[in-house]
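Here are a few friendly notes to read alongside the model. Please keep the structure open as you go through the points.

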Amino acid sequence: MKILTALQDPKTNEILKEKTKHNIIETDIQYQEGILETLEKNNKIDLIIISQLLPGNIGFKDLINKIKIINNNIEIIAILENKNNEFKDFLKQKNINSIFYNNEITIDELINVIEEKDKNKKEMEINKEIK
């Protein structure tokens, strides 16, 4: 699984590289536009871990929309600044169900979510082959 982090936290990126068997590509993206630039160069990314606090001129909802236009099948783990039902509903409409809040998720929990998504992806691929 190819994973991109956009958390403004290079340390988390490094820890994920050390603790998972997945391909954590690039260094941690530090601004919104950097995600789009990376996806345009490499649309084979399976998962993005993204923080709402990422600086940029796009706006978080527009950023999510643009990511989904580039690759609608990409999995997203969203880390929001505060609990916000409007954002949560918007993300769920975009088929983003892994929603967390700042300082409420540990790296180990994040790794567990990644592993679960990888397991689900593999099961879906097997089911497609069977059909």
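1. Let's begin with a group: a network of salt bridges links Lys 21, Glu 115, Asp 118 and Lys 122. A salt bridge here is a side-chain nitrogen of Lys or Arg within 4 Å of a carboxyl oxygen of Asp or Glu. The structure holds nine salt bridges.

2. Before going on, a word on the source: this is a predicted model, where local features need pLDDT of at least 70 and side-chain atom pairs count only at pLDDT 80 or more, while totals for chains, interfaces and linings use all residues. Residues are numbered from 1 along each chain as its sequence is written, and side-chain values use heavy atoms, with hydrogens and water left out.

3. Helices (H or I, at least four residues) and strands (E, at least two) are DSSP runs, numbered from the N terminus.

4. How exposed are the two partners? Lys 21 is exposed, with a relative accessible area of 60%, whereas Glu 115 is partly exposed at 27%. Buried means under 20% relative accessible area, exposed over 50%, and partly exposed in between (1.4 Å probe, protein chains only).

5. Now find Lys 117 and Glu 75, which meet in a salt bridge of 2.8 Å, N to O. Lys 117 sits in helix α5 and Glu 75 in strand β4 (residues 75-80), so the pair ties together parts 42 residues apart in sequence. Lys 117 is buried, with a relative accessible area of 13%.
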